[in-house]
Amino acid sequence: MQARGLRRLSALVRAVSGSPVKSVPSVSSSALPVPRLSSELSVSFSPAAGAWDTAVGARLYSAQACASPPDGEVERAAAAAQAGEDTAPRTVFDRVLASNQDWVHQDDLCVAFNDINPQAPVHILVIPRDRDGLTQMSKARQDQAGILGHLMMVASRLGASKCPQGFRIVVNDGKEGAQSVYHLHVHVLGGRQMGWPPG
């Protein structure tokens, strides 16, 4: 099973990078699990850790090649992603964060404010202070689980305090999800009877 996975990985790397895999580390199947392929194909072998690293680069390197600095566009993009560089365009929420006013909640991680186009008597948006590439829920990284949980906790507390009879929490994602601002935000809606199904 591991050999088949390595052959598939090698073929995929060859197709994406245009060059064959130089070598694959020799290890027993019990010592090193084959990684699952991601859509970004950021898979490499880390000699320091002695394990597969899925966040280092877009090619499979031998232990010797891993010691070299990244030198291609794909490697620079992978390094930027690992560093958390956010290259998405600025949004209206950047102005809200800079304004430092009219917030119904603020802490070190997020702020909340009233929506300028409310869809219910209570319509609050909760956003992370640092977008850090978190433009959509579907783009969330594993290391962002903490901020996602915090946003939901703040949204639920605001909903409970402003709408004691009940509220709805909504996160729009992408075009068909009607997302209009690409800085992840949580809607807290309440103060009226909600209908079902939504949308």
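Tutor: A contact means heavy atoms within 4.5 Å. In this predicted model, residues 24 or more positions apart account for 49% of the contacts with a separation of 6 or more in the protein chain. Local features need pLDDT of at least 70, side-chain atom pairs count only at pLDDT 80 or more, and totals for chains, interfaces and linings use all residues of the predicted model. Residues are numbered from 1 along each chain as its sequence is written, and side-chain values use heavy atoms, with hydrogens and water left out.

Student: How many helices and strands are in the protein chain?

Tutor: Helices (H or I, at least four residues) and strands (E, at least two) are DSSP runs, numbered from the N terminus. The protein chain has 5 helices and 7 strands.

Student: Which residues of α5 are buried?

Tutor: Buried means under 20% relative accessible area, exposed over 50%, and partly exposed in between (1.4 Å probe, protein chains only). In α5, the buried residues are I147, L148, L151, V154, A155, L158 and G159. They lie on the same side of α5 because they cover an arc of only 135° around the axis, the arc being that of the directions from the helix axis to the C-beta atoms. G146, R157 and S161 are exposed on the other side of α5.

Student: What describes a pair of aromatic rings?

Tutor: The distance of the centres and the angle of the planes describe such a pair. Rings of Phe, Tyr and Trp (its six-membered ring) pair if their centres lie within 6.5 Å; planes under 30 degrees apart count as stacked, over 60 as edge-to-face and the rest as tilted. The structure holds 1 aromatic pair. The ring centres of F93 and F113 are 5.6 Å apart and their planes are at 70°, so the pair is edge-to-face.
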